[in-house]
Amino acid sequence: MMAVNFSTNLVLTNGVGMGNEKQVDSGRRGLLVATCAAGGVVGLAATGALVSTFQPSERAKAAGAPVEVDISSLQPGEMTVAEWRGKPVWILKRTPEMMASLAKTESEVADPDSLKPYTMPLPEYCEKQSRSRKDHKDVLIAVGICSHLGCSPGKKFAEGPQPSLPDNWVGGFLCPCHGSTFDLSGRVFKNKPAPQNLDVPPHMYLSDTKIVIGKDEKGEA
């Protein structure tokens with residue numbers, strides 16, 4: 001249709017008058033049709049490339065896939081780090097003393113019940129104080145990213161006075177960027193730059209020694 005209208009315009013503008021209209025030769029008409037057709041092909045090709053750009057790559061899909069972690073060698077008081085969605089995920093096997101410290105910090109943390117999530121809500125199957133599953137209370141699984149500016153806190157499990165820590169420190173985590181402190185459940189202490197607790201990702205146990213991060217009974221996160 002575009003070729004026909006374009007040809008008609010040429011007839012009217014190139015003629016001396018309505019009575020002297022010149023016919024567009026077949027060669028020119030073929031050239032016009034070919035040009036329009038080529039333009040349409042280029043447009044479709046460009047559109048295809050644009051759509052392809054928005055399709056997630058296999059690498060991007062893999063980056064968000066659930067991660068299995070074997071904790072059979074993890075001893076009480078030790079922590080290992082896994083990677084999920086490009087972020088460090090802490091897996092801390094807490095000692096009885098570490099678990100007892102959570103009651104001591106209950107009144108000192110800003111959000112003891114994790115009512116103000118950072119990037120994801122606390123899974124409903126996690127207890128408020130331990131922030132872990134009831135059948136594995138001693139194991140903390142948390143994303144090691146500070147809710148202030150995205151730094152990664154360091155572990156400070158030893159009790160007592162230490163640089164940048166209070167004299168009554170009972171163990172936890174310290175962010176090296178701006179001094180935010182978290183208890184051994186990843187709950188931020190009051191009056192610190194970090195506004196929220198550390199994230200606890202969806203997770204489930206395949207056995208007592210194997211964990212899946214990024215997936216639970218409801219499916220993948």
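Arg133 lies over the face of Tyr125, 3.8 Å from the ring centre; a charge sits over a ring if NZ of Lys or CZ of Arg is within 6 Å of the ring centre and within 35 degrees of the ring normal. The model is predicted: local features need pLDDT of at least 70, side-chain atom pairs count only at pLDDT 80 or more, and totals for chains, interfaces and linings use all residues. Residues are numbered from 1 along each chain as its sequence is written, and side-chain values use heavy atoms, with hydrogens and water left out.

**Aromatic pairs**

The whole structure holds 3 aromatic pairs. Rings of Phe, Tyr and Trp (its six-membered ring) pair if their centres lie within 6.5 Å; planes under 30 degrees apart count as stacked, over 60 as edge-to-face and the rest as tilted. Two of the pairs involve Phe173.

| Pair | Type | Centre to centre | Angle between planes |
|---|---|---|---|
| Trp90 and Phe173 | stacked | 4.3 Å | 20 degrees |
| Phe157 and Phe173 | edge-to-face | 5.6 Å | 85 degrees |

Phe157 lies in the loop between β5 (154-156) and β6, while Phe173 is in strand β6, 16 residues apart. Strands (E, at least two residues) are DSSP runs, numbered from the N terminus. Trp90, Phe157 and Phe173 form one aromatic cluster. Both Trp90 and Phe173 are buried, that is, under 20% relative accessible area with a 1.4 Å probe and protein chains only. Phe173 counts as buried because its relative accessibility is 0%.

How values were computed:
Buried < 20%, exposed > 50% of the residue type's maximum accessible area, 1.4 Å probe, protein only. Helix = DSSP H or I, 4+ residues; strand = E, 2+ residues; numbered from the N terminus.
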